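Me: Got this chain open on my screen and I'd like to talk it through. Can you walk me round it?

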Amino acid sequence: MLQSYYTVKGYGEHEIIIQKSRFIAYINRATTEEEAQEFIQKIKKQNWDATHNCSAYLIGEHDHIQKANDDGEPSGTAGVPILEVLKKKKLKDTVVVITRYFGGIKLGAGGLIRAYGKSTSEGLQATGIVERRLMRVMHTKIDYTWLGKVENELRSSIYQIKEIKYIDAVEIETYVEEAQTPLFTEWMTELTNGQAEISNGVVEYLEKKLD
């Protein structure tokens, strides 16, 4: 598993007009080629009357699945420019469909490449990009008398609280980078005068939206 990588926040769409042609970017996250193809077919069915539904996707830890489709546009003027934007932004597990409704003015090869690239870039910006970072979930079990102090300290620290469970005792789940788990355990032990029960939980991705 990668320590961290970038992908899209989720589903998004964005429309621009270039020389009277409508370019609508449809974007989604896809972790398998099947998911990517299903999304492409869904958009094509939705926009069955469009002039073109061009697409590209990039999937896998090492981008081992890469596909681009011009859907009737001149070869290399649509799918490849979409894919190149995904690569430039270092995105993974992302599928993009650009639907074009022709407005009557031909753009030429260079114009098409710029149009599909711009539509993809603006679509990604509108959808939002996130960084997914691999983190260890640390479990801290404390008596209710420690809750106020521990929660305040955590919220003003570098660590992010995942969840607080209120049961017989309080259990706080916190995202901690693997390399920092010994430091976290030591800090929490000192903070609670050794009254906390600290254990390592699962490893999972924490998503953070990029500005």
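This is a predicted model: local features need pLDDT of at least 70, side-chain atom pairs count only at pLDDT 80 or more; totals for chains, interfaces and linings use all residues.

Me: OK, then what share of the contacts in the protein chain with a separation of 6 or more comes from residues 24 or more positions apart?
Reply: That share is 72%.

Me: And how many helices and strands are there in the protein chain?
Reply: The protein chain has 5 helices and 10 strands.

Me: What about the overall shape, so what does the C-alpha trace span along its principal axes?
Reply: About 75 × 30 × 25 Å. The radius of gyration is 23 Å, while a compact globule of 211 residues would come out near 17 Å.

Me: How much of the chain is buried?
Reply: 47% of the 211 residues count as buried. The chain exposes about 11,300 Å², and carbon and sulfur atoms supply 48% of that.

Me: And the charges, how far apart are the mean positions of the positive and negative ones?
Reply: They are 9 Å apart, taking 27 positive and 31 negative charges.

Me: Let's zoom in on helix α2. Which of its residues are buried?
Reply: In α2, which covers residues 79-88, they are G79, P81, I82, L83, V85 and L86.

Me: What covers them?
Reply: The cover includes strands β4 (52-59), β5 (65-69) and β6 (94-101), plus helix α3 (108-127). Just past the end of α2, K90 has a positive phi of about 60 degrees.

Me: How do β4 and β5 pair, parallel or antiparallel?
Reply: Antiparallel, over 5 bridges. They make a hairpin with 5 residues between the strands, and G60 in that turn has a positive phi of about 105 degrees.

Me: I was looking at S55. Where does S55 lie?
Reply: S55 is in strand β4, and its bridge partner in β5 is N69.

Me: Why does S55 count as buried?
Reply: Because its relative accessibility is 6%, and the cut-off for buried is under 20%.

Me: Which residues does S55 touch, beyond those up to four places away in sequence?
Reply: I40, K67, A68, N69, G79, I82, V96 and V97.

Me: Switching topic: where is H139?
Reply: H139 sits in strand β7, residues 129-142. H139 counts as buried because its relative accessibility is 19%, with the line drawn at under 20%.

Me: What does H139 contact, leaving aside neighbours within four places?
Reply: E171, I172, E173, E197, I198, S199, N200 and G201.

Me: What about I161, buried or exposed?
Reply: Buried, with a relative accessible area of 16%. I161 lies in β8, and its C-alpha is 6.0 Å from that of E173, 12 residues apart in sequence.

Me: Which residues does I161 touch, not counting those up to four places away?
Reply: E151, L154, R155, I172, E173 and T174. I172 and E173 are also on the contact list of H139.

Key. Residues are numbered from 1 along each chain as its sequence is written. Side-chain values use heavy atoms; hydrogens and water are left out. Buried means under 20% relative accessible area, exposed over 50%, partly exposed in between (1.4 Å probe, protein chains only). Helices (H or I, at least four residues) and strands (E, at least two) are DSSP runs, numbered from the N terminus. Contact means heavy atoms within 4.5 Å. The radius of gyration is taken over C-alpha atoms; the globule rule is 2.2 Å times the number of residues to the power 0.38. Accessible areas come from the Shrake-Rupley method with a 1.4 Å probe; for residues, only the protein chains shown count as cover. Lys and Arg count as positive and Asp and Glu as negative; His and the chain ends are not counted. The place of a charge is taken as NZ of Lys, CZ of Arg, CG of Asp or CD of Glu. Two strands pair if DSSP finds at least two bridges between them.
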